[in-house]
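Here is a short briefing on one protein chain. Have the sequence and the 3D view open as you read.

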Amino acid sequence: MMKRVGVMLAALLMAVSVAFGATACAGRQGEYDEEVDIDRMQLYVSNYDGGFGTDWLRDIKEAFEAEYADTSFDGGKTTGVQIMIDPNKDKGYQLNFSTSGNDIFFAEEVRYYENVMNGDFLDITDVVQEVCAQEGVSLKSAQEKGLQYNGKYYALPHYETFSGIVYDKDLFNDKSLYIAADGSYTNASGDLSAGPDGVKPSYDDGLPATMEEFFGLCNYMKTIAGVTPFILSGEHAAKYSANFVNRVAAAYDGKAITEARYSFAAEDIAYVTENSVKEDGSVLGYAYETATADITNANGYLLMRTPGRLYGLAFLEKLIDGDYFDATSLSGTTTHLNAQENYINSKLKNAPVAMLMDGNWWENEATVNDAFTRSEQLYLDAGKKENRHFGVMPIPTKIDKNDANPNGDSDTAIDMYTSYAFIRADIDPVKVDAAKTFLKFCYKAENLEKFTATTGVARAMNYNVSDTTLENMTSYSQDVWNMHLSGSIVTQVSENKLYYENMSDFDSLTLIAYGNYAYPWTALRGGVYTAAEYFAGIWRWTEAEWKDDYDAYIS
Amino acid sequence: MEAIKKKKTLATFNRKRKIFYISLIALPVLQFCVFYLGVHINSILLAFKSYTLTDEANGIYSYIFAGFGNFAEVFQNFAKESYLVNAIWNSVLSFLVGWIGFFGSLLFSYYIMKGWRLSKLFQLFLFLPSIVSEIVVVTLFKYFTENNIPAFIVAVGGGTIEGFMFSSDLGVRLAAILFYTVWIGFGTNILIFNGTMSGVSDSVLEAAKLDGVRPLREFVSIVLPMTYPMIVTMAVVSVANLFTNQMYLFSFYGASAERQLYTIGYYLFLNTQEAGNSGLSEYPYLAAFGIVVSAVTIPLTVAFRKALNQIGKRFE
C-alpha cells in the first residue's frame with residue numbers, strides 16, 4: 001500500500017514539475033525593445049501604445065538611464081538602471097498582475113479605485129508628495145482628496161483626454177467660415193463675432209456661440225460654401241458620437257454639475273421634470289420645464305435628468321437629421337485612422353471637410369500612424385504637418401441668444417480615459433526604490449513639459465509649459481493646452497464611497513444606453529426614438545430604484 | 001479448458017509499468033482536476049459569494065458568502081433590462097437559423113460525396129472560410145457587405161444604399177449576421193459530414209445503385225442512417241452551445257455591438273471581458289448568470305439527445 005502511494009506521489013510530483021516547467025517556459029510576458037543588460041537593474045515598464053504612442057517614454061528612458069548610470073539601487077550588485085519598455089494595447093482594467101512581468105504601468109481606462117481596493121497598486125504617497133513639492137506642479141483640487149484611499153496615494157495622473165470637435169483653421173479662413181460680428185460669414189481677418197466666451201479678442205472669436213449659430217454654419221457650409229461639415233469614423237461612429245453627446249452635455253451643464261456626477265454633492269442643480277419635454281419649433285426642437293435640487297447621495301439619480309443630456313442628444317439628432325456627415329466615411333470599414341487621414345487630406349484634394357468628431361489624441365495618433373507623412377508625399381509642402389492648422393472647436397453652450405443657461409460660459413469636458421501611472425504592489429522589494437525614482441523622474445517639471453511637447457496633450461495635473469515650448473507646438477496642441485489651463489476638464493475622481501465603490505455603474509457610456517440600444521447614434525439614426533424619447537429612457541433610476549441600489553450610502 | 005481472461009487492473013501491472021502508466025496519465029488528470037473541475041467548482045461557489053469590504057480599517061475587500069443574492073440580481077436584470085430578454089430570442093434565433101445551415105451542409109456534403117458537377121469547386125469555396133483565420137473572413141465579409149454590394153447596386157443603376165453590417169436598421173444588421181452564421185457554419189459542418197460520409201461503404205452504395213435506388217432515397221435511407229451518430233453528436237453540441245454562441249458579434253463589432261443584437265453568449269463574454277482583472281465584484285453575478293443559463297441548457301441538451309437517440313432506434 002505504502003509502495004503504491006509512493007509511486008503515485010512520485011508520478012504526481014513529476015506531473016507537477018512538467019506542468020510548472022511548461023508554464024515557466026512562458027517567461028516574462030511583454031515585448032521589449034532590447035536585450036537585458038545583466039550589469040544593470042531592469043525596470044520593466046508597460047505603456048499603453050494608443051493615440052499618444054511611446055516616443056515620449058523612449059525620450060525619458062534615455063535621460064533617466066544617463067542620469068542614473070552610476071547609481072546602484074541594490075547595494076552594489078548592479079550599477080545603473082535599464083528601462084525595458086513594453087508598448088502594448090492592454091487597457092488598465094485588463095491588466096493581469098499575476099501574469100504581467102512589468103513593474104511600472106502607464107495605462108488608460110484604469111479603474112483606479114477597484115485596483116486600489118484589490119491591493120494591486122503600490123503605495124506611492126511619498127512619490128506624489130515629492131512630485132507635488134516642485135514649483136508649479138500640483139494635483140488638481142479634486143484629485144488631492146479624490147485620489148487618496150485611506151489617506152494614501154496609489155497612482156499619479158497620466159494624460160488628460162477629452163472628446164469633441166476638431167476644426168480646420170486654414171479651411172475656415174480660406175472658405176470664410178468664421179462668423180462675423182454682423183452674423184454673416186468672413187475670413188480670419190474680418191470683423192469677427194466674440195465667440196462662445198463673449199470676449200473679444202480671444203481664441204474663440206468667430207466661432208459659433210450658440211446651437212443656432214452652429215447649425216446655421218453647418219447649413220452654410222453644406223449649401224453655399226461647398227464644404228462637408230463633419231467627418232466621423234463609421235466603424236466607431238456609435239461610440240465616438242456617444243462620447244460626443246457626453247461632451248456636449250458636460251459643456252451645457254457646466255463644471256459644477258459634471259463634477260457632481262462623481263461627488264454627488266452640488267447645490268441648486270436644475271433637472272428636467274417628468275413628462276415636461278415637448279417637441280416644438282425652437283432651435284433645440286424641444287421645450288421642457290425644470291426644477292432645482294441640492295444633489296446628495298439620496299437623489300443622485302436626478303443627475304441623469306439634467307438639461308445638458310437632452311441638449312447633447314438633440315445636438316446629435318440635428319447633426320444626423322441635417323445629413324452633415326461625410327457619407328462615405330460612415331461605412332463600417334472606415335476606421336478612426338482612415339477618418340483622420342481622410343480629414344487631413346480632404347482640403348488638399350478639393351473635397352473639403354470642416355470638422356472631425358474625435359478626441360484630443362487625434363493629431364498625435366495621425367502623426368504616429370504616418371498620416372501626415374503620406375499627406376506630404378502626396379501634396380508636398382501643402383501636406384506638411386507644420387503647414388496645417390487645426391483647432392479645438394468650443395462647444396456652443398447656449399441654444400440661442402435668448403438662452404439663459406447659467407453655465408453657458410464654461411466649455412466643460414470630462415477627462416474620458418482615466419489614465420494613470422502606477423507601480424504594481426508586489427514588485428520585487430529590491431526594485432521599489434528604483435521604480436519610485438523613475439516615476440518621480442517622469443513627473444519632474446521639465447519632463448512634464450517634454451511630455452506635452454511630444455504628445456501634444458497635457459498630463460492631468462497642474463504644471464507649466466514655457467512660451468518657447470508652446471510656440472513650437474502645433475496649433476491644435478496649443479488649443480488643447482489652453483483647454484487644460486482653463487481648468488474646465490473634470491477628472492473622474494471622488495472621495496465619495498457611493499462613487500468609488502460603484503464606479504462601473506457611473507461610467508458615462510453605460511449611462512447613455514437605453515433599452516435595446518447601447519448608443520444613441522443607432523437609435524436616433526434609425527429613427528427609432530427622438531432625442532426627447534431617448535433622453536427619458538436614460539433617466540435610468542426612479543427614486544425607489546436608486547434607494548434600492550444605493551441605500552447603504554444614503555445617511 | 002476454459003481460458004480465464006483476467007481484467008487488467010493497476011494491481012496487475014509490474015512496478016515499471018505502474019510508473020509509466022501513472023506518469024502518462026498524471027498530467028492530463030492533474031490538468032483536468034485544476035482546469036476543469038477546479039475552475040467549474042470555483043465558478044459554482046463564486047455564484048454564492050460577494051466581494052465585500054471585510055476590513056474597514058485597512059480597506060481590504062474579500063469574498064464572503066452571499067446566499068442567493070446574485071441569482072436574485074440575475075432575475076431582476078431579466079425583468080428590468082429588455083435587451084436581455086431580446087438576447088434570449090437572438091440566441092434561439094441563431095440556433096434555429098443554424099439548423100438551416102446544418103441541413104444545408106448535410107445536402108452539400110452528400111453532393112460533394114457523390115462528386116457531382118462543380119463539387120470540387122463547392123468544396124473549395126465552402127472549406128476556405130474554415131481554413132482562413134476568422135478575423136480575415138470577418139474583415140472580407142465586412143468589406144463585401146459594407147462597400148462592394150452598395151457600390152455594385154449603384155453601378156447597375158440602383159440607388160445609394162447603406163452597408164449591411166453597420167446599417168441604421170438593426171434588423172438588416174441581424175439578417176446579415178445570421179446569413180454569415182449560416183454561410184460560415186457550412187464549412188465546418190461539411191468538413192465533418194464529408195469525412196463521415198466518405199466512410200459509407202462503397203459496396204452498399206453500389207448494391208443500392210444496382211437495385212435502382214435514386215439519389216434522394218439513397219440519401220434518406222442509406223447515407224443519413226449510416227452517418228446518424230455523427231449527426232446526433234453535432235446536433236447535441238449545437239443545443240449545448242445555445243447560450244454560449246456569440247453569433248460572431250465580437251468579431252464584427254468588438255465590444256461595441258448594439259444591444260438589440262446581443263446573444264446571451266455575447267453578453268456573458270462581454271461582461272466577463274469588461275469586468276477585466278480589476279472587477280472582482282462582477283464575477284459572482286456572472287457566475288450566477290452562467291448557472292442560470294446552464295440550468296436551462298443542461299436538461300434541454302439531455303432531452304434533445306434522448307429524443308434523437310429514440311429517432312435513431314427507428315433507423316436500426
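The points below cover a helix pair, the cysteines and some backbone details. Keep in mind that this is a predicted model.

- Start with helix H2 of chain A, residues 55–67, and helix H14 of chain A, residues 432–442.
- Their axes come within 10 Å and cross at roughly 120°.
- Angles of 65 to 115 degrees count as roughly perpendicular, and those over 145 as roughly antiparallel. H2(A) and H14(A) are therefore oblique to each other.
- The crossing of H2(A) and H14(A) is right-handed.
- From H2(A), the contact uses A:Leu57, A:Ile60, A:Ala63, A:Phe64 and A:Glu67. From H14(A), it uses A:Ala434, A:Thr437, A:Phe438, A:Phe441 and A:Cys442.
- Sorted by type, the residues of this contact are eight nonpolar, one polar and one charged.

**Cysteines**

- How many disulfides does the structure hold over all chains? It holds zero.
- Is A:Cys442 buried or exposed? A:Cys442 has 0% relative accessibility, so it counts as buried. This residue also belongs to the H14(A) side of the helix contact.
- A:Cys132 has 24% relative accessibility, so it counts as partly exposed.

**A cis peptide bond**

- Which residues does the cis peptide bond join? It links A:Lys200 and A:Pro201, with omega at about 0°.
- A:Pro201 sits in a loop of chain A, between strand S9 (185–186) and helix H7 (211–225).

- A:Asn150 is not a glycine, yet its phi is positive, near 55°.
- Find A:Asn150 in the loop between strand S4 (148–149) and strand S5 (152–153) of chain A.
- With 43% relative accessibility, A:Asn150 counts as partly exposed.
- A:Asp323 is not a glycine either, and its phi is positive at about 55°.
- Look for A:Asp323 in the loop between helix H10 (307–321) and helix H11 (336–346) of chain A.
- Exposed means over 50% relative accessible area. A:Asp323 has 51%, so it is exposed.

Definitions and conventions
Residues numbered from 1 in each chain as written. Chains lettered and ligands numbered in written order. Predicted model: local features only at pLDDT ≥ 70, side-chain atom pairs only at ≥ 80, totals over all residues. Heavy atoms only, no water. Axes fitted to C-alpha atoms, helices over the stretch in contact; angles between N-to-C directions. Helix = DSSP H or I, 4+ residues; strand = E, 2+ residues; numbered from the N terminus. Parallel < 35°, antiparallel > 145°, perpendicular 65-115°, else oblique. Left-handed = near helix turned anticlockwise from the far one by under 90°. Contact = heavy atoms within 4.5 Å. Nonpolar A, V, L, I, M, F, W, Y, C, P; charged D, E, K, R; others polar. Disulfide = S-S within 2.5 Å. Buried < 20%, exposed > 50% of the residue type's maximum accessible area, 1.4 Å probe, protein only.
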